[in-house]
Amino acid sequence: MERLFRSSNRGWFVFYFAILLIVAERVLAELRYSIPEEVNEGTAVGYIAKDLGLDKASLVDRRFRVVPGSREAYFEVNSDNGALQVRRKIDREEICHGSGACLMELKILVENPLEMHHVVVDIADVNDHYPSFSENEQTFEIGEQSSLGTRFQLDAARDPDAGINSIRTYTLTSNEHFDIEVIQSEEEKVPYLVLKKSLDREQKKKHEFILTAADGGKPPKSATLNISIIVLDSNDNRPAFNKEIYQIEIQENALVGTTLTTLNATDPDEGTNGEIEYSLSKTLPRKAYEVFRLDRVSGEITLENALDFEDSDTFKLDVQASDKGQPPLIGRCRVIIKIKDVNDNAPEIEVTSLSDTVSEDSKPGTVISLVSVTDKDSSVNGKVMVQIAGNVPFELKPSYKENIYSVVTKDFLDRENEQQYEITIKGTDCGEPPLSAVKILRIQISDVNDNSPQFSQNPLQFYLKENNVAGASIFSVSATDNDVSKNAAVIYNVVRQNDVTSFLNVNSDTGQISALKSFDFETLKTFQFQVVATDSGTPSLSSNVTVNVFILDQNDNAPVILYPLSSNGSAEGVEEIPRNVNAGHLVTKVRAYDADIGYNGWLLFSLQEVTDHSLFGLDRYTGQIRTLRSFTETDEAEHKLVIMVKDNGNVSLSATATVIVKLVEPKEAFAASDVKSAARDDDDDHVTFYLMITLGAVSVLFIISIIVLIAMQCSKSTDYTSKYLQEPNYDGTLCHSIQYRSGDKRYMLVGPRMSIGSTIVPGSHANTLVLPDKRRTSEEQTASPEKEEQDEV
């Protein structure tokens, strides 16, 4: 097909195209093609992809298409070869009226990046219509006195085709009385029958001719009109209008029934020859008969139906005034009615959007859609001002072509603050009063991974009872991510920093932490590790939390008898005392040890079995066995005492020791003491050895605890501090007392002999006491009258 846009002036095109490249941002270029009407479907109009410089291979991916509209259904693009082709047959006369150029404007859209191209297709006329007359026959009644040269207007033929294919010639059957004369009016050729020889009614009353109208097509098409001339006696004056042309202006919103004007024609004849009737010419467009009404008697023109400036802005009415003479004479005038536009059409907003989703990391200036605005009104009534209403991070940028805009981002987006925007695009024309239209564009903001997981608290503290079940969950951690979907899916991992963390396992999905072994308070009292929470975004983001775990003591160790201890390892011993000792004499002291601490390690002594309750007494806290009275001659020489040592756990554990007390005479006692001293020295060596091992182990644990706590204190800046202090204030047994501080509270895991100032206050549990203020405790301890005997273990 012929391409018109590049055929005439290539230099002008280069200059115009350079201007387009400078101004255009998204709507790029305008191409012009020409195609005749009535071509078959699939006919190529032009290879638009090639003309626009687009890669054929990318047309499908870039969604190469015609933007839907009111006229675009006639064309489509072929994504395989990049051609613009006819979708269905085009009837130029159906689309365009008149003989002017018939132009169809198309919008061609490609994506990635978004581009819009304007294509103008000129529909060329073909000679596909025959000329036609409104009637098959036209009759004239002409008086025989008619002057030579008198003209009688004939009905003009109509041909919907334009240009050379419209009406070109009129020919009349050869005769001696009439000739044909064609006068070119503003829009058409009007044929006139011209009298060239006087008529003689006595010779011939009726003349018949054939008028042929032919167009300029090749081959030409034609139509015929039968003309009958009836010769009448003379009526020698025709009606005459006071104006040949009437000019009328009317608002398009004028009410039906409004009188436009009243025509006035006069005829000097008398009688019926001077009576006038008005009528509209039969050659007017059908629309004129529908809109206007002419009163046959008064000549008043009134509005029959509503006007629409956008449909027709001007009407030209040919009016005839005919007298009633024989033959009747006709006078003619033209009434030109101009319609004045009023602002009766609101703007129309068309939005072309690639997607309803925009990524939150889009930079300012990112194009999200194209907007075109139209208004059917003219002049200022069709001038449209477009804006985005409300406070949204989007704005309109105009294109080089009027009423074409791009919707772009003007600020950075944040899905966590706003997940969806409703962009209200408002177009208001400049008419009076102004009319407006609103188009709402809903945009979803898609998530990107810009938020790392966050723990609600850092560090975390957990308290775990010793002897936990290996493999069971001991506690859990949780982190939240403000992102969504996979960007918010959190995976948990334990940072392997020390030997303890090798026995910890975390569920990567839930954050549940389980211990692969059972912890022993006597071996490990506290440990620290870190958990890392990582999201599943790309790239992934993470954060960590420090977890401090404190092992709580359980009563899992029974008391151990340190003295008496026989050579075979059983808790049995023999004590010899003189008969003459006084009441209150210290017979012996049962010594025991419990590896637990606090109440679980607080030992109490009790007599389970004794031969004479009146002779011996047992201190329940120290384990000291003393005489209650002096011995008499009737008292037995040997007494058996069974002592039970039990702790103060919820479920008490215990051990028993047996002491045999023998009464001897004073001299024998001194001799026996010499003999026993050697054996006792040997036993004391064993006891001392065990005691040294025990104290050494306790000291090592104490030093390790101090080092760990100092390291924790140095590694963090929180107010959490903990101190492990060995409490020396006990008597009768080995025990532990551990104190630590958390925030504004001091805690102590107590031993068997608590400080006098230590009191159980609300918040204490199990083996843990909440201690009052240190200074107050010191004052209470100073004021306490209780004095405990400190024996060497």
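Predicted model: local features only at pLDDT ≥ 70, side-chain atom pairs only at ≥ 80, totals over all residues.
Local features need pLDDT of at least 70 and side-chain atom pairs 80 or more, while totals for chains, interfaces and linings use all residues. Residues are numbered from 1 along each chain as its sequence is written, and side-chain values use heavy atoms, leaving out hydrogens and water.

**View 1. K282 meets E135.** The closest N and O atoms of this salt bridge are 3.4 Å apart. Helices (H or I, at least four residues) and strands (E, at least two) are DSSP runs, numbered from the N terminus. K282 is exposed at 53% relative accessible area, and E135 partly exposed at 30% (buried is under 20%, exposed over 50%, partly exposed in between; 1.4 Å probe, protein chains only).

**View 2. K324 meets E277.** Their N-to-O distance is 3.7 Å. K324 lies in the loop between β22 (314-323) and β23 (330-340) and E277 in strand β19, so the bridge ties parts 47 residues apart in sequence.

**View 3. An open four-stranded sheet.** The strand order is β42-β49-β48-β45, with mixed pairing (two strands pair if DSSP finds at least two bridges between them). At the edges, β42 (572-578) and β45 (604-610) each pair on one side only. Seven bridges join β42 to the parallel β49 (residues 654-664), and there E572 stands opposite T658.

Methods: Salt bridge = Lys/Arg side-chain N within 4 Å of Asp/Glu carboxyl O.
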